[in-house]
Structure formats: structure tokens, C-alpha cells
Amino acid sequence: MAGIGFRLRELKKGDTLSGLLLAYGFAGIIGSGPWVLSIVGILLIGFIHTESSSAPYFVEQFQISVTYLMATSLILTGPLQLLLTRFIADKLYEKDDKQVLPNLIGAICIVIAVSGTLAGFCLAYLFTGSVLYRLLMLSGLVILSTIWIVVVVLSGLKAYREILLAFLLGYGITVWAAKELGMFGLEGLLSGFVVGHSILLFMLLIVVFNSYSSNKLIAFDFMRRSQIFISLAFTGFLYNMAIWADKFIFWFNPETSSAIISPLRASELYDLPIFLAYLSIIPGMAVFLLRMETDFAEQYTKFYDAINGGAPLKIILQIYEEMVATIKRGFIEIFKVQGMTIAILLAIGDKLLAWVGISPFYKVLLNIDLIAVGIQVLLLAVLNLLFYFDYRKDALYLCLLFVTSNIIFTLLSQYLGPIFYGYGFALSVALTTIVGMIIVSKRLNELLYETFMLRYRTNN
């Protein structure tokens, strides 16, 4: 996440409580993104209307519609997110930030065209809802897809308070608008969602436009052949597919799902626990960004600066050892914070389920999902390290393992029966994370040799 480490260090520099809280808050928002915040909004909207309405049949239709919008938009924009992230990171490193804004606008144009075309085709030929419902679904997909692209550049900005305010205000308006428009049924709730996210997107774009300037309005430099890393595009697609693969399997298996609004299906047994579990990653994501994008990024920069500057081997080895120690500390701290979060949630699982109006029958599956998404934070740290050291193929193979194992293990869990539900995703995340940590360990052991051999080949 280009530039975020330097911004977070500035927030923490004074070692004040307010600076520390702001740093963790900013990291949690940027790290979790509107995906997790949308889950909060969806649950709040459902809770409000379930409590206040005598016939909340349309609430479930709304929640499932938004869930499909989130899944589709993430999978659709996954390839472009990583391509644009790499391009912007390179331009910021080169101090050529005038390329950021026009290329962001170019990426937004591509996203609008692709998501709009896909949504228009599907809604015209596959969906059976009202015309207004279809138009709102189309608008929702385009807006969410655009937000994912805009979020790419937020991490490099200094406008922390403006970004936090935009997210909080955007989702506050989403919940308020859905509450006020709920009297109009499904279309009313969906209108509130679209209005809130439109305002969020508008505010985020204002922050970006105020932070970057350019002589060009639009550019597609990030799509040039020399700038495109195909492996990154496939990695982004496979990672998002891996996250949603088990959900789609449960959704479209008639034995584990039910029709909600044609052609959308949902698995009440599987969906609620996993989405509740994802709320628990916010503390882990905050620590992940603060440690990996501040402490590690600083050591990483010092290491390569020392090599490029011709520092003595003793100094280079010392910095290398410090960098490896920083990585270990980062993993340990993520494990501690996320582990503590999981332990607390496991202890209050019954009360949590009762508070959101869900049967205690879901507790076992919720516990499994809490552990699974906790491990997923470690997986993100592994992928982050692979991207830093430019081991793009390793990251690609890791995401391929993730999606393949998730599909296989989830299908196996369905074959074995309800008692094994949730274990497919959990085992897949655990296996991928273990393999990833082995790869990272091996790569770190070979890093000095590969770095000096690369310099020797370059110089000769």
C-alpha cells in the first residue's frame, strides 16, 4: 500500500495517545476497507428493520443483494486493483505523483465501462425483479467497483481525518437513508445503500483531487505493456475468488441454500457466522498495516539503500538481521492481537449471537470462522512480504493454492455433512498460510545471495 508507512509514522511520531489512536483508526479503516464497514451497515439496517417492521421479508432480499454486489465488485476489480497499486507505488517512488490522478481517472473509466456492461447484461437477461431494482443493482455494482479503485490511492495521502470522516459519514448516511426509505420495501433499502455509497465515493474523490494535481485529465499509462504485470492481475483475481469460493458453493447448492430473489440464492446457515467473523479482523488489520507498513518498510528501505550505496558487508548483514527480526515481531504482534480478539469473541459468542438475534445453533460455525479469518490476516501479511520483495510468481501460486484448496475442501465438507461446515474454508486458509510462511522463510534465507547475484549480473 504505497506510501502509507510514511504517513502512519508521522501520526505516531509524537508518541501521543491521540496520534496513536488516529494511526490505529486510519490503519483499521484503510486496511479493512468499505467491505467490512459494509457488513456493519448491512447488519445494522437488517437489525433496525427486523425490530421495527412487522413484515421484514424484504430485508433478507436486500442483504443478499448487497452481498452479491460486494462479491462481484471485488472479484471484478481484483486484477485492476493490484495493477494500479503497483503503478502508483512506482510513480510515488519516482516522485512523479502527477501521473497518479489521470491514471486513476483512466482506471475508473475502465471499471465503469466493464462493470456497467456486465451488470446491464446480467440484469437484463438473468434477473426477474422490478426495473427499479435492476437499475439500483447496476448503480450499486458500478459505485462499489469504483470505490475499490479509489481506495488504492487513499493509503498514500496525508488527509487522515478527511478519509476517516468520509467513511464514517458515508456509512452513517447509508444506514440513515435505508432506515428512512425502508417504507418503500426492497427498492427503498437498496436506494439508501446506493445513496450512501454515492456520497462516500464523492467525498473520497474530493480528497484525492485535492491531494494530487496533473496537467492531463485522463491517462492509461498503467495499461501500457511495459507497465502491466500479468501475474499481479491473476493474483488479484484468484485471491478474491478464493475468499468467495466457499460462499458461492454454499449458495448454489440446493441442499445448503434457498432462493431469495431470482437468480440470487443464500445459505442462512453459512452466511451469518462468516460475515460476523469478518468484523473481527479490524484490530488485526490495523496492527498488520502499522507493523508491516512502518517498521518493516523502514528496515526494507534501509537494507536496499545500504546495498545500493555500497555500504560495508558488516553493515548490510546487520540491517538484514534487523529486517528479519522486524518481520518476526510483526507476525508475533499480529498473532497476539488477533488471537486476543478471537479469544474474547469466543468467550462471548453466545451473547454476541443473542445480541444480533441469531440462534446459538450457529456458535460452532462462528467459532470456526473466527479462527479462519484470523489466520487470513497472517496470510495477508505473507502476501504483502512477497509483493515487497517482488516475488510475484510465489504470490500467484499461493493464491492459486488458496482458491483450489478452498473449492476442494468446501465440497468435501458438504459431502461429509453439516458438522463439517466451515472447516473447508478454515483448512484452506491455514494450509495456504503455512505454505506461504515456509516460502517467505526460504526466500529470506536466500535474499542476500539473490540480491548480490542480481547486482553482479546487472553490473556485468
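Before you click anything, one cut-off: buried means under 20% relative accessible area, exposed means over 50%, and partly exposed is what lies in between, with a 1.4 Å probe and protein chains only. The model in your viewer is predicted, so local features need pLDDT of at least 70 and side-chain atom pairs count only at pLDDT 80 or more, while totals for chains, interfaces and linings use all residues. Residues are numbered from 1 along each chain as its sequence is written, and side-chain values use heavy atoms, with hydrogens and water left out.

**Stop 1: D390**

Select D390 and check the accessibility: at 35% relative accessible area, this residue counts as partly exposed. Now look at the backbone. D390 has a positive phi of about 65 degrees, although it is not a glycine. For context, most residues other than glycine have a negative phi. Where does D390 lie? It sits in the loop between helix 13 (363-388) and helix 14. Helices here are DSSP runs of H or I with at least four residues, strands are runs of E with at least two, and both are numbered from the N terminus.

**Stop 2: helix 8 against helix 14**

Colour helix 8 (residues 230-251) and helix 14 (residues 392-416). Their axes come within 8 Å and cross at roughly 10 degrees. The axes are lines fitted to C-alpha atoms, for helices over the stretch in contact, and the angle runs from 0 to 180 degrees between N-to-C directions. Helix 8 and helix 14 are therefore roughly parallel to each other; that label takes angles under 35 degrees, with over 145 counting as roughly antiparallel, 65 to 115 as roughly perpendicular and the rest as oblique. What kinds of residue make up the contact of helix 8 with helix 14? They divide into 18 nonpolar, six polar and two charged. In this scheme Ala, Val, Leu, Ile, Met, Phe, Trp, Tyr, Cys and Pro are nonpolar, Asp, Glu, Lys and Arg are charged, and the others, Gly among them, are polar.

**Stop 3: salt bridges**

Next, show the charged side chains. A salt bridge here is a side-chain nitrogen of Lys or Arg within 4 Å of a carboxyl oxygen of Asp or Glu, and by this rule the count comes to seven.

R443 lies in helix 15 (residues 423-459) and D394 in helix 14, so the pair ties together parts that are 49 residues apart in sequence. R443 is partly exposed at 23% relative accessibility, whereas D394 is buried at 12%. Then go back to D390: salt bridges that share partners join R86, D90, D390 and R392 into one network.

Zoom in on D246 and K247 for another salt bridge, with the closest N and O atoms 3.3 Å apart. Is D246 buried or exposed? D246 counts as buried, at 0% relative accessibility, and K247 is buried too, with a relative accessible area of 1%. One more to pick is R224 with D221, at 3.0 Å from N to O; D221 is buried at 11% relative accessibility.

**Stop 4: aromatic rings**

Switch to Phe, Tyr and Trp. Rings (for Trp, the six-membered one) pair if their centres lie within 6.5 Å; planes under 30 degrees apart count as stacked, over 60 as edge-to-face and the rest as tilted. A search of the whole structure finds 25 aromatic pairs.

Take F62 and F193: the ring centres are 6.4 Å apart and the planes stand at 75 degrees, so the pair is edge-to-face. With F62 in helix 3 (residues 57-93) and F193 in helix 7 (residues 186-211), the pair ties together parts that are 131 residues apart in sequence. F62 is buried at 0% relative accessibility, as is F193 at 2%.

Y300 and F389 also pair edge-to-face, 5.5 Å centre to centre with 65 degrees between the planes. Y300 is in helix 10 (residues 281-308) and F389 in the loop between helix 13 and helix 14, 89 residues apart.

**Stop 5: a cis proline**

Finish at P263, in the loop between strand 1 (258-261) and strand 2 (264-266). A cis peptide bond joins S262 and P263, with omega at about 5 degrees.
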